[in-house]
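Reader: I am new to this structure and would like to learn how to read it feature by feature. Could you take me through it slowly, giving the general idea before each case?

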Amino acid sequence: MKLKITFALLISAFLSVQAQEISDTSFGKGMINFVAKDSSFSVAFAPRFQVRSISSWDYNGNNYGSPEHNFIVRRARLKFDGFAYSPKLKYKIELGLSNRDISGANQFNRNTPRYILDAVIMWNFAKNFELWAGQTKLPGNVERVISSANLQLIDRSLLNSRFNIDRDLGIQLRHKSNLGGNFLMREKLAISQGEGRNVSEGNEGGLQYTARLELLPFGTFQSKGDYTGSDLKREAKPKLMLGVTYDLNQDAVKERSVLGDYMFKSDGSLYETDITTIFVDAMFKYNGFSFMGEYAKRTADNPIAIDTDGSPTGDIVLTGNALNLQAGYLFKSDYELVGRFTTLEYETVTSALPTKQYTFGVNKFIVGHKLKVQSDINYTTVDGNKDNITFELGFEVHF
């Protein structure tokens, strides 16, 4: 009897293998790429995940103490994109599954996990014009808009973690024009809710307005290389993108514009103040060398949150500025060396101390950003004093 059952299972497994469909897709091009027979829609599905180990040493005044080790699934995501009805109407859906992706439940999202990262449609309604609607990244600093799958170092800089404007719900208008020769100009405008992603309960405070201008004097990068880390395409000619972003979050209710904690008063209402964020950045690539530079500045009309009785609530808008400089060289062996320097300077009202971080990284690209191993070491000082050393080792798999 056992023999018959085993044989039946083997036959079933064999038939299953024979029935599998052979697809013409390949690793890194999406696990599924489907186009309807009548060309009325398409869908591409690509899961990805990042795993890393982290070793951290804090300076205790005399030496760096015993390390703290941590192993995490930093990101685990499901991405769907394609077009609906017409190739001029594209869409993107990206869902997060890791703890870091879905954390942040609160009363404004019905205390539910924040699974949705992107849910946006993009309509090319006229030549060189696109209208976006839904939840996606705002046109902020270049480092934030680069996908976490395409980063040159394991994670983004301290500038980004303190001052970026992240994702939000709203609409965006995008346009591009040729200024002569290869000179390209892109304009991006956004009006959004101003509270970040997955907010479902009303619209606290006012709206957020974002404008970004980009200049590409030497033409477009290969494979959208202005928004990917490393010069994997080894640009044959110098390519440069210069960008500037202005963002105004009117009557903002969070400590870091669309991020951070809500600023509550004792009666349960929210403190509101206008928050302005400015970014100036650049991306340059040529023959394996890449450089990215960013400057960020955040100000607030009244950064100290005031309670109903006129006393401080304890919440303070994180105002200040930051500089991030990053460069790398990709060898023909697909190994890359990367260096980064970041400074943070906060306004006195925040009581936060100035911070500097020095980062050195080594990458090995196996199938570009789709399959890679990365490592880096970070040395951080606070107010000129030793603070922390962190070593990270991780890999990315992106179907």
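This is a predicted model: local features need pLDDT of at least 70, side-chain atom pairs count only at pLDDT 80 or more; totals for chains, interfaces and linings use all residues.

Reader: What should I keep in mind about the side chains when I look along a strand?

Author: In a regular strand, the side chains alternate between the two faces of the sheet. With that idea in hand, one can turn to the partners of the strand.

Reader: Which strands pair with β2, and in what sense?

Author: Strand β1, residues 32-35, pairs with β2 in the antiparallel sense over four bridges, and in this pairing isoleucine 32 has phenylalanine 45 of β2 as its bridge partner. Strand β3, residues 68-84, also pairs with β2 in the antiparallel sense, over 13 bridges, and here glutamine 50 stands opposite arginine 75 in β3. Strand β21, residues 385-398, is joined to β2 by eleven bridges, again in the antiparallel sense, with tryptophan 57 standing opposite isoleucine 389 in β21.

Reader: How many residues lie between β1 and β2 in their hairpin?

Author: Six residues lie between these two strands, and in the turn serine 39 has a positive phi of about 60°.

Reader: How should I read a nonpolar core?

Author: In soluble globular proteins, nonpolar side chains tend to be buried together. In this model the largest nonpolar core has twelve residues, among them Leu138, Phe163, Ile165, Phe279, Leu344 and Tyr346. Both α4 (158-163) and β18 (335-346) supply at least two residues of this core, and the largest share, three residues, comes from α4. Apart from this core lies another, of ten residues, including Val142, Ile146, Leu151 and Leu216.

Reader: Which residues is leucine 344 in contact with, leaving aside its neighbours within four places in sequence?

Author: With those neighbours set aside, leucine 344 is in contact with Leu158, Leu159, Arg162, Phe163, Asn321, Ala322, Pro354 and Thr355.

Reader: Is threonine 112 buried, partly exposed or exposed?

Author: Threonine 112 counts as partly exposed because its relative accessibility is 35%, which falls between the cut-offs of under 20% for buried and over 50% for exposed. This threonine 112 is found in the loop between α2 (99-102) and β5 (116-126), where its side chain reaches the backbone oxygen of asparagine 109 at 2.7 Å. Threonine 112 and glycine 181 are 69 residues apart along the chain, and their C-alpha atoms are separated by 51 Å.

Definitions and conventions:
Residues are numbered from 1 along each chain as its sequence is written. Side-chain values use heavy atoms; hydrogens and water are left out. A nonpolar core is a set of buried Ala, Val, Leu, Ile, Met, Phe, Trp, Tyr and Cys residues joined through side-chain atoms within 4.5 Å. Buried means under 20% relative accessible area, exposed over 50%, partly exposed in between (1.4 Å probe, protein chains only). Contact means heavy atoms within 4.5 Å. A polar contact is a pair of N or O atoms within 3.5 Å; within protein, one must be able to donate a hydrogen and the other to accept it, and residues adjacent in sequence count only if both atoms are side-chain atoms. Two strands pair if DSSP finds at least two bridges between them.
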